[in-house]
Each structure stands twice: as structure tokens, then as C-alpha cells.
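Open the model in your viewer and keep the selection tool at hand. This tour tells you what to pick next and what you will find there.

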Amino acid sequence: MPVSASAIYFLNLRGDVLINRLYRDDVGGNMVDAFRIHIMQTKDLGTCPVRQIGGCSFLYMRISNVYIVTVVSTNANAACAFKFIVEAVALFKAYFGGAFDEDAIRNNFVLIYELLDEIMDFGYPQNLSPEILKLYITQEGVRSPFSTKPQDTRPPANATLQVTGAVGWRREGLLYKKNEVFLDIVESVNLLMSQKGTNLRCDVTGKVLMKCFLSGMPDLKLGLNDKIGLEKEAQVKARPSKSGKTIELDDVTFHQCVNLTRFNSEKTVSFVPPDGEFELMKYRITEGINLPFRVFPSIKELGRTRMEVNVKVKSLFGAKMFALGVVVKVPVPKQTAKADFQVTSGRAKYHPSVDCLIWKIRKFPGQAELTMSAEVELISTMAEKKSWTRPPIQMEFQVPMFTASGLRVRFLKVWEKSGYNTVEWVRYITRAGSYEVRC
Amino acid sequence: MESHNQLTSYLQHSFECCLLVSFCFCVLLLFISLRRSALLLSFPLSICFLDLLTHSACVRSIMNADNRKGELADLKTQLRQLAGSRAAGVEDVKRELYKKVISYMTIGIDVSGLFSEMVMCSATSDLVLKKMCYLYVGSYAKVHPDLALLTINFLQKDCRDDDPMIRGLALRSLCSLRVKNLVEYLVGPLRTGLKDNNGYVRTVAAMGVLKLYHIAPSACTDNDFPATLKGLLIHDPDAQVVANCLSALQEIYTLEAASSEAALKERELLFGRPVIYALLNRIKEFTEWAQCLVLDVVSKYVPADPNESFDIMNVLEDRLQHANSAVVLATIKVFLQLTISMADVHQQVYERIKAPLLTLISSGSSEQSYAVLSHLHLLVMRAPMLFSSDYKHFYCRYSDPSYVKKLKIEMLTAVANESNMYEIVTELSEYAANVDVAITREAIRAVGRIALQLYDVNAIVDRLLQFLEMEKDYVTAETLVLVKDLLRKYPQWSHDCIAVVGNVSSNTVQEPKAKSALIWMLGEYSHDMLDAPYVLEGFVEGWAEEDSAEVRLELLSAVSKLFFKRPPESQKILGAALAAGIADAHQDVHDRALFYYRLLQQGVEVAECVINPPKQAVSVFADTQSSEIKDRIFDEFNSLSVVYREPSFMFLDKEHRGAYDYSEDPAAVSLVSAPADLVLPSQSLEANDNDLLLSASEKEESRGTASNGSYVPDFLTYESSSAPRSPSPPLQVVANRNSSIGSAPVARATTAGRTSQAVSALGIDDLLGLNLTFSPGGPSLSLKLNSKPALDPATFQRKWGQLPIALTMDHSFFGQPLAALSGPQPLLRHMQENLIHCMASGGQVPQFKFFFFAQKVESPPGTGFFLVECLLNTSTASANVKIKADDTSVASKFGDIFRSALTSFSLA
């Protein structure tokens, strides 16, 4: 039984109910109180996302300043329930355009009720695809488009598509003056490096995001320089990757539009894309990762009231490229009084609220080496040798036109029966996921 | 918002009133104060103030309520005015009013008073207005069943609307009214809805059938709706309709199956091959959620042969690449269930699902990773080797929430083996320096667990000892407990450990568990630790301040052990400890002190034999969860059971129990569909508790009954007058108790290692329950069995399906004739002599399976039966016995009879 949720609540941080939707009678109406008393008002909040209170299970997650609580009275499928909430939030975002927080909910609560009614019936998830829902739930609240001519016995688009065996995620009859496809490869690098500079753990999770403005029912085919795809192809010579190397993807998942049978047999990613923005695929790579940065920290505790922090950051990507919005966070003890900095570039400051020295570099050139050194003064405390456990140094950055995995798009073919020309845009960007260096 | 302004203005108003009133009071007080002395004044003043405060609060709350009432009345009149109006723009005004009503409803204000007005205004063509109205009606119809009748009219009308959207919405609201006496109005629209030419309406109608079933089951079945759904399930072109039919049918039949046989069969038929194939062939048409549903149904399907399993897996393989984590997990479940009986393929499945699972934990929100990690943990426990090379995926991120970190640490513990152990322990040591105390503890415990699992523990011991040097109280505490466990398994390390432990200042150890561990080590290794007597003396002096009975118990044992090794230094301490112990208010402490005292009276050697016999290293620590429970959790893969690590019947309410599980195994079905008595969970819990208790006492850290010969002190009081030299009677009590709860083997396992020497020395071997013999119908047993019970296989099957397990026993017959059993026949004959008859038997060496039954004498026909499932394994010389009984009160007695019958078996 996948979900069969009995109720879904949206609460703000104080525990006020923003939305409550009871789907089934098998839980009492006072479930919110149970949640408030036994979870929100205790230390347990946030210690475990699944809790059981009196025969009911509460699955909750916090998204910005809202708690979304799913109440189930059965042995429900936890993974499915969480995924459902995540998808629902994505749907709401698609409707309100961006933010999902308390204010957005208060401003759109009628719409949310409307959506909650459609996406779940009697506790069972129904259709959550924004594409389809937008056909009949319009923000303006007019009568549904397919009922303008009531005499016309044309069934709604949803049913049509299902009957014709066509695609459920794309409307027919789309028309764009200019046919464009935007393709972004976004990678986040996760790194955990030990004090000695050895890679404890390093992996890349990547996404291929697409934005399609294409007319009709186009068929797309995407070629990447991944190993399996290339081996399958005869002309291996045409590798565009500079080093000529191929990328081994540990695992790939695709948007539901991708023809998985074809992927398994021919190893090509072919699909009929939904209209607008969507996530085409996700992948994970653990081997052969090019780290964009290396960090060489040295932290010396000089007596009980002074510390010397030296951090050297070296960029390893090509000299023509550059990283944007580089932030290096160096944790310092709570009793830090002040810090004096010397930096070769950017700005550094001590932030007492997070107990960190934060060094920001707006633009970090490739193949460069920047350093920050700081003298930190500590307030002497009575606590004898209360040793300070050093959290790792964390980094944030974005490197455009660089992929840590080396993944490249080899081709993106668009085929439509009307045979129009398309413009394809491809971008690469590498971001820091959790980029941690122990010191 | 308008209403809000009104409210605040009211509040201001009331506040002004308060000021005015308080001013009056002040004047009055001044007046009084002129007349009275200042001393007297303070009293009335404070009283007046209190008065004033309560008064104003009252006023305010009344005003608030009035205010709200006023607003509601306002809304009421406004709605009334709009009801008939057809002026332009009236829809917008209505919409605002409706919004206000719904927002009140959301924050929990009762707006049911507006019911008739809301219904009157519902004649509109505006879809959003309609939806708000439906929502309102759905929420309050239950409170106003009489008024709900008003809505029927317009809902029925909407059900015939030209717009399929409106038809669907209206039908959904109609079914959501949940009012019993309106059911008659529901049937018609539902029937037309199921035949509607629009998919959307049919989706709603399919769910409507389920809703109807929950309101009035008979109305649903009498109108043959399930049959209609079955038709749609196979033939409907719209996949969502099929999905909803599937959820509805599944729920209806599962609920029905609890009461009727026919439904059970019906359900089995329904989810047989044709339907499963039909669903699988269309799997790609379903939405991701419906796919989860279908996959769940498929996972319960039992294929006829391996080829069919492979076909299904081939169809589903690409689902593992789906972006929706729920689909991936559901697919994994199908794969695991299909291959469960094919060991090598099962292993390949693990290989195949590894990559998708690892992706799932690193993508998505932390709550999702938590759910996935819980599942991964279950799998890792079954196949630890599989993930051992991927251990780096379980390294914690600094930003992970603690619940994810905790699971990751458990994963690291589970995958540790000789090759990756060093890295993992290094990583865990990093976490030991974590800011989060809970995680630190978790990490240290993990290091300890790894040390206990593996053989080459050289490096780990050093690591653990380094923790002691961190000089943080909680780190020290956690580490001490671990070092103690480690020493029990690897006594050869005592030298290194003791040197470091000796440096631990006893003042820094505060936690009871850690204290007991330290005291245990001081007692055990007092010959190696020079200052042990002085440290223990310090503890004895602090006896009165020691709150934990556990620590005091441990202290008694430790001081006694010290005395055996270094008598001259410790005689005084022992005396002080025994005196304090005997005077102790805690029963167990008192009993143990007295027991030691009397043992010592019998001579020091005798006492040492009992209190401090030579020990054997513990090879395996008892597992806290039985493998049966683990298997059951595995059967419920992809559900909350995995997250809670409990089979579903342990956490679901009894009225929900039985409704949602669904399995081919009759035993499992009966387990969960057992009607509403708590016998089963409570018993299995009890059994579990007992296991825990025993294993815990083995770790010498259990409540009350710790340390060597731990069972004895509790019972000493029974026989305190008789000479301790013949401790048989109390021990027999123990043995009896253990056997009656069916865990004698565990008791034996725990006692055997520890006390075997002492036991044999005293010649009480038989009394520990090692060779219990009872004769059936003996004086202790009042239960007599019918010599010719009549039970046909079908009834047996049915009863087995319906009854809960009354008793489970694990019986060990090592060295007994039973272990040489080569075929089922001899045992059958033997059991028959003991009036226990066989229904079915099977298997060959070394595994046999029997179904037995017996009937209580003089019970009416068809009742008083005992049903037994007995799994014998001659190679391990163990029997697993499950007993079900019509009359559960005598089940344990029957269990004794059964056990003794097994024991008395001989091949002759």
C-alpha cells in the first residue's frame, strides 16, 4: 500500500495550522495537537522524521519555514510518502512561481486546497504532473478549457492522451515562433578530505536540466561522452572530450519521458520532452573526478588566547576559466574575540553568529593560488583544557563551463515531423555540494 | 484583512475599558488607604489587583467570542444577500466571502453555523467557488447530517453536468460526505460515474466505491460495485482508472478477507496471473505513484517457475532507472521477493540494485535519504559483504541531520570487515570528536561493535584507549562500557586495557552504566591493578550517595571478587559493602548482599566457586532481534516496518491490524489478521523482552539481576531458611520459569558459558533445565489430551489461518535421540503415543517440518484444539515450535507437554 495518507497538515514554525486536509476518517481531528505536543514542543523535533504516536505515524519534513506533516494509520510506504511531499511542493512552486513559504501558502491557500484535492484522493496519490494539472486547475479559476463547448463531447486532454497512447507529460498543438532548447549540466562536487590531504570521499552528483520551447511533438536524442554510450557506438574516434577519456557513470536515473527500453538496448537517451523546464536525468560518479579546488589549511593554537589560521586555496581548473562566488568558511572556537586578516584577494571577516571566519572571493581565476592568514584572539576562559573539536572547513563555489566529472554533451538532436530548425544552448556548471576539508 | 482590523479595534476597546476600571479601583483604594493603616492596605491591594486581572481577562474573552460571533453573523447576512443575486461581479464578492470561511475553517474555528447559507450560495458556475463549497460541505456534512441532505440536490445535479470536470468534482464531494443515511443517494451517481465516458469521472468514481465501502460496506457489495471495478481493472483504457480500481479493490478485499472466506479466495484469484500480466504490460502508462501501487501488488505475486520470475524482472528492469525514488524502491522489493528462493540470483539482484540505492541516499532531501538508508540497513544486515567496498558512501557530511548520521554510522558498522576496517574506524574516530554528543556516543559504540565483530582488533583497541585520553565525560563513559565488553570477548587484551583504565579518574565517571563497567573491571582484574582496593573503597564509602541499584549490585560482586584475590587488603571493604548492601532498601541489592554473606559463611572456596568461577571468553553476544522478526520485516520491505525496525503488527493499532498486510503464507496472514486480541503482540513482546533480559544479563549490565550466577539471588528469599549448600529448590524455580516462557535454550546458553564449572562442581546440572523431563499428565500438569481427536485437514487449514500464535518455543535436543532422526515416521508414532497427532509432515535430513494437532479432553467437538507447527533441524539439534490454540489459556501447559514429548523421544 503505497501511501494512503489519512491527513496532511501544513504548519508554520509556531505550530499554527496553515492548511489541513483530512482524507480519511481513521484518524481523529486532533492529530495536529498530537504533533504539536509530542513533536514540535519537544527536543525530539528534527531528531527523526518519522515518529509514531498512539498508533498513527507522523512523517514530517521542514521546507523553509513550513512543516508538512503526513499522518498515516497504516504500515505506509515511507519513501513514497516523502517523495510525494517533495513532488507536491515542487508542484506548488510551479504554481506560485518560486518561493514556497508561509506567506506563499497564506496567499494561495485556496489554490493549495484545490491542488490537494486533485493530487490525492482518499489518501492515494493521483496525478502530480504540473503539465496536466495546469490544464484544468488554472490560477484564475475559470472553467476548465475543455468545457468551453459543452456540446462538444471531446474528452479532456488527459484522457485523449491516455487513449491514444501518447505522452502524458506533453500537450499537443504547442507552437513556438522560435524553437529553442536549453540544456544545463549542473554538477555538485562532494568532497571530504582529511587533515593529511587524502581524499576520504569524493563524488559528483550531476543533473541534466532542460528548458524546451519546441513546437509540436519533437523527438530528442542526447549523446554524452559516457562510457557505455560510447562503447555502443561504432565511431569511437569522434570523441570530443579533450583528454579523449570517457566517463563512467555509476548510476543514472531519468525523467519519466525518457524511453528506458531504448536506453537499455541502444544506450541512447531519447525522449519526447515536456514543455518548459524539467530535470532530464541525474547521475552519480565516483571515479576520475577533477577537483576544482584544493585547500591547504594550517591552524596553530598559540597558547590559550591566540590562534594562527593559514588557509591556502589552489584552483585546479583551466587558466582561462574562473570560479564565481567562492566562499571559504573556517570554523573558530566560540570564545573568539576578534581576528585580523591578511588576504591576497577577496575579503575576510569574522562572523560570531556562526563561529566562522568567512573569506569571500568574487572571482577566482584558474590555476591560481590565493591565501588568507588570520590572527585570532580568544577570550581566555576558566574551563581548563576544554579541547575544541574542529569542524571541517567548508567551501562554496560555482565554476561555469567546467564539469568535475569531465562529462560533455556530444550531440543533441531534435527531430519533429514538420522539420523545423532548432537552436540548442548548452551550459556547464560545477558547484560545491558539501566540500569539506578537515583541519 | 478586514476581520483582523475589527478584532484589533475591539481589543483596543477592551483595553481602554480595563484602564478605566483600574482607574476607578485606584481611586477607591486611595480612599480606603486614608482610613486604614498602611499595613493593612497591602492585602486588599493585592486581592483587588488579582480581581482586576481576572475580571479584565473575562471581559476580553467574552468580547472575543462576541466579536467572532458578530463576524460570523456578518458573514451569514452577507451570504444570504448574495444567495439570490445575479448581479455582475457577485461571484468575486462570493469568492472573498468563501475564502474567509475556509480560512476560519483551517485555523479551527467552527463555521458550521453557516451551512445552510453556504449551500444556498452554491448555485454558481464558477469552478473555484464550487470547489471551495465542496470542501466546506465535505468538512461539515458529518456534523450536520440533516443539513447535508440539502447539498444532495445540487451535488446530484452537478453529477449530470456537461463538464466532466464538474461531474468528477461533484461525485467526489458526494462520496466524501461520509454520512450514513445519505448512502442511498450515492449509489445512482456512482453507478453512472463508473460508466462515464470520461476518464477523470471514472477515476473519481473508482475511488468513490472505496469511500462508499468505508461508510457502508453492505451497500457497496450489494450493488456489486467490486465486480464492476474488476471489469474496469482489466479493460479500462485510462491507466489512472485502473490504478484507482486497484487501490480500491485491494483495500476492500483485504478488509473483507478478515471476515469472510470467499473474499480471501476472491482476492487470491483477483491478483492472479491474468491481472498481474495485464498490469505489467501497461506499467509504462501508469503515473509514477500508480506504478508504486502496481509494483507492490506484483511483489506479492508468486510466479509458477523461475522463468516467469525472470520474465517479470526483465519487464521491470528499466524501472530501476526511474527518477522517482519510490518507484525504484518498489521495484527493488519486487526483485527481492521474486528471487528469495533462488540464492544465487538473489545475490545478483543485490549487485544490480546497489548502484540505484547508493544514488538514492545522496540525492533528495534528508528525510528521503533517511527512508532509503533504513532500507539499505536492512539489506546490509542480510548481505554485509555486498556494500563493503562502498563504505565511503556512508561517510557523514558535516551538514547531515543527526538522524541521517546515526543511520550512516550504523551502516559503517555493518559493512566493516578486515579489509576496510582501518579506514572506517579512523573515520568513526573523527565523529567521536563531534559537537553533537549523541553522534559522538553513537560513533564510539560503533567502534566498539566493530571491535567485537572482528578478530584483528589490535588497532581498534588502541583507538578505544585513545578515546579515554580525550577526557570528556561522555566519551569516557561510553568507552568504558565498550572496553568491558571487549575484555569479555578478548581477555588477552586485558593487560593493555587495564593499564589505561587504571588511569581513569573514578570521579569523572558519572553514568551508571559506565560506573558499573569500571567497577566490573576493577573487580575482575584487581590482581593487576595495584590501587583497585582503594578505588573500590572509595565507591563503597560513597554507597549512600549512589542512586543506581545497578552500580551497587556490581559493587557487591566486585568487592567480593577483590576479596578472593587480595583478602588482607579488602576484608574491611567487603564487610562494609555487605553491611551496606544488607541494609539497602533496594530488594535485589539486599538479596544479593545477604546471599553473598551466607555463601561466605559456608566457606570462601564455595563462595568463590559461585561468585567468581573461571570464565570462558564470550564468543558471540546474543542478538536482540530474532531472525524470524527480521524475516518478517524483510517481507514488509518498503514500508514503515523497516523504518521502525519492527514488523507492522507491533506498531499498528489492533483495529487496523489485519487490514493492510497481505501475504501468501497462511501463518503470516493469521498473524496480522488475528481478530482484535492482543495476545500475540504482547506475548511476542514478552518473549522479546525476555531475550533481551537474558542477553543483557549476560552482558552483566542488566537491571537488578547482573553478574555471575545472576539468577540465584532473586530466588534466595524463597528458600532462605534452607541451607545454601543445596541450592536446588530455588534453581528449580528458575528452570521452571524459564521453560514456561519457552526460552530455556537461551537460559542455558547464557548460563552454560559462565557457570558451567560451578554448576558441575555442585552437581546441579539437571536442575538448570538442561534435561528437563515432565511426564504428560504428571502432577504439575492438569491438562489432559483427548486420545482420539477428530480434525480434518481443511478445518486445520482454516484454524491455522485464523488463530494467533499462542506460543513459540525454541527447543534444543543436543545429544538426544531426536538428533539422529532420519525420517518423519518414528517421531509421528512417538507423538501419537503422547496423544499428539500429526496432520502433515515433510522434509528430509537434516530438516523436517511437522504439523501436529491435539485436543483437550472433554471439550465439545470442534473446540479445544491445539495446532502445532514444528520445524526440526537435526544438524543443529534445534526445534522451532509454533503453537496455536483455541483456548490460549492452556497453551503454555500444552507447550510443556509437547516439549516433554519431544524430549522423551527415543529411536528404539
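The stops below run from whole chains to single residues.

**Start with confidence**

This is a predicted model. Colour both chains by pLDDT. Chain A averages 82, and 86% of its residues score at least 70. Select residues 140-166 of chain A: here the pLDDT is below 50, and the stretch has 44 contacts beyond near neighbours in sequence. Residues 234-243 of chain A also stay under 50, with seven contacts beyond four places in sequence.

Now switch to chain B. Its average pLDDT is 74, with 77% of the residues at 70 or above. Residues 1-21 of chain B fall below 50 and have 15 contacts beyond near neighbours in sequence. Then select residues 655-781 of chain B, where pLDDT stays under 50 and the model has 200 contacts beyond four places in sequence. For the complex, the predictor gives an ipTM of 0.78 and a pTM of 0.69.

**Chain B as a whole**

Show chain B as a cartoon. You will see 42 helices and five strands. The chain has 908 residues, and 55% of them count as buried. How much of the contact in chain B, at a separation of 6 or more, links residues 24 or more positions apart? The share is 67%.

**Where the chains meet**

Select the residues in contact between the chains. Chain B gives 98 residues and chain A gives 96. Together the two chains bury about 8,100 Å², 55% of it on carbon and sulfur atoms. On the chain B side, pick Thr106(B), Trp289(B) and Gln321(B): these lose the most area to chain A, together 9% of what that side buries.

Next, look at the polar side of the interface. There are eight salt bridges across it. There are also 26 residue pairs in polar contact, both partners at pLDDT 80 or more. Which helix supplies the largest share of the chain B side? Select residues 199-215 of chain B: this is helix H9, and eight of the touching residues come from it.

Pick Asp121(A) and Arg172(B). They form a salt bridge, with the closest N and O atoms 3.7 Å apart. Stay there and select Glu118(A), in helix H4 (residues 109-119) of chain A. Glu118(A) touches Arg172(B) too, and its other contacts in chain B are Met165(B), Leu169(B) and Tyr200(B). Within chain A, it touches Gln126(A), Leu133(A), Tyr136(A) and Ile137(A). Is Glu118(A) buried or exposed? Its relative accessible area is 4%, so it counts as buried.

Select Phe122(A). It sits in the loop between strand E6 (120-121) and strand E7 (124-125) of chain A. Phe122(A) is buried, at 7% relative accessibility.

Finish at Asn638(B). Look in the loop between helix H32 (627-635) and helix H33 (640-644) of chain B. Asn638(B) is not a glycine, yet its phi is positive, at about 65°. Why does Asn638(B) count as buried? Because its relative accessible area is 7%, and buried means under 20%.

Technical notes: Residues numbered from 1 in each chain as written. Chains lettered and ligands numbered in written order. Predicted model: local features only at pLDDT ≥ 70, side-chain atom pairs only at ≥ 80, totals over all residues. Heavy atoms only, no water. Helix = DSSP H or I, 4+ residues; strand = E, 2+ residues; numbered from the N terminus. Buried < 20%, exposed > 50% of the residue type's maximum accessible area, 1.4 Å probe, protein only. Contact = heavy atoms within 4.5 Å. pLDDT = per-residue confidence, 0-100. Buried area = accessible area lost by both parts, 1.4 Å probe. Salt bridge = Lys/Arg side-chain N within 4 Å of Asp/Glu carboxyl O. Polar contact = N/O pair within 3.5 Å; in protein donor to acceptor, adjacent residues only side chain to side chain.
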